[in-house]
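Let's walk through this model together, starting with a sheet and ending with a pair of helices.

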Amino acid sequence: MATYQLKVNGQSKQVNVDPSTPLLWVLREELKMTGTKYGCGISACGACTVHLDGVATRSCVVPVELVGNRAIVTIEGVSADPIGRAVQDAWVDKDVVQCGYCQSGQIMSAVALLKATHKPTDTDIEESMGGNLCRCATYVRIREAIKSASQQLK
Amino acid sequence: MLSNSRCFIRIVLIALVSTVAWIVLTASAIDLRDQKPTVQSNRADGLAAWQKVYTVLTSPRCINCHTATNYPQQGDDRHRHFANVIRGPEGWGVPGLNCMSCHQERNADSTGVPGGANWHLAPLSMQWQDTNDRPFSSAAVCRAVTDRAKNHGLDGPGLLKHHTEEPLVLWAWNPGRRPDGSARSLPPLTHAEFVAATGTWVGAGMPCPPGK
């Protein structure tokens, strides 16, 4: 066991866990932040996506010992960012969600895309969101919502 | 008496000059004999060393990220990287799915994800395989590696330094564990042997084998 001081959504959080514990389980089990979902556990589905210093990161495969001082942003904190807010609003406006399980990861990846490219093309969206799976197949509405959010950005 | 002495001295001088001349000519001949084989030997040694380097460059730990396609490969069978990972414009993936979305600064053996500083694909100019994932020939890889228009301007010492110090090169000899806990395979040479072979090849003027 080891003690780690994590920066989560702008707040400092201390956890005492095994160094090999994936960040996902630190968030969910230790910090009780259950918005980030466990999907596959091998970074194949994107449900566990959070941001580490702005980089969309699969938290299920990142041991907490490798997080370091990087700022962690989860679905619970992403609305503090104007782009995050715009994406969440677009998700509601376009009624994207069906079962909803993958959607926190979808939103985190969409925010990362729009932070890099305010006006993404269909190809940009398909490539950037290609690692986020949705068993309800909400892909068409996800693309509409990303485009809608992009129109809110200057 | 005097005449005999002069004759003796003359004979000694002639013998001395002849001996010196013979030694000089013989030495020259030896030099000439040695010089040509030495050059050939350097080139031969360089080509032999390159072949060793080539076996490393085309091993999965290296060539999996020197693809000609828009995706990296993984595994000893060099299959397409899973999870729809793509190259992206600069070889670092795309915003929602960056290389560093999973690959951290060092190996994550507990989750089986390899890692190293600035994990990314080699540029397309350094592709060492065709679009059907078949490794290029030794001659073609050698030409690419020595082409400073393709290799970020690296000369011989630069290539040697790259092979000696570059973190992602060094990673090949410390590739961590697979998700099932087994160790990833290593290149066919040790890193020391790889660096030594690169040094021999660079010292020989970086000769490339003939052919396509």
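In what order do the five strands of the open sheet in chain A stand? The order is β2-β1-β5-β3-β4, with mixed pairing. Strands here are DSSP runs of E with at least two residues, helices are runs of H or I with at least four, and both are numbered from the N terminus; two strands pair if DSSP finds at least two bridges between them. Because β2 (11-17) and β4 (55-58) of chain A each have a single partner strand, they stand at the edges, and one side of each lacks a neighbour in the sheet. On average, neighbouring strands of this sheet are turned by 40° against each other, direction ignored.

Before going on, note that this is a predicted model: local features need pLDDT of at least 70, side-chain atom pairs count only at pLDDT 80 or more, and totals for chains, interfaces and linings use all residues. Residues are numbered from 1 along each chain as its sequence is written, while chains are lettered from A and ligands numbered from 1 in the order in which they are written.

Now turn to chain B. The axes of helix α4 (residues 156-165) and helix α6 (residues 191-203) of chain B come within 9 Å and cross at roughly 175° (axes are lines fitted to C-alpha atoms, for helices over the stretch in contact, with angles from 0 to 180 degrees between N-to-C directions). So α4(B) is roughly antiparallel to α6(B), a label for angles over 145 degrees.

Conventions:
Parallel < 35°, antiparallel > 145°, perpendicular 65-115°, else oblique.
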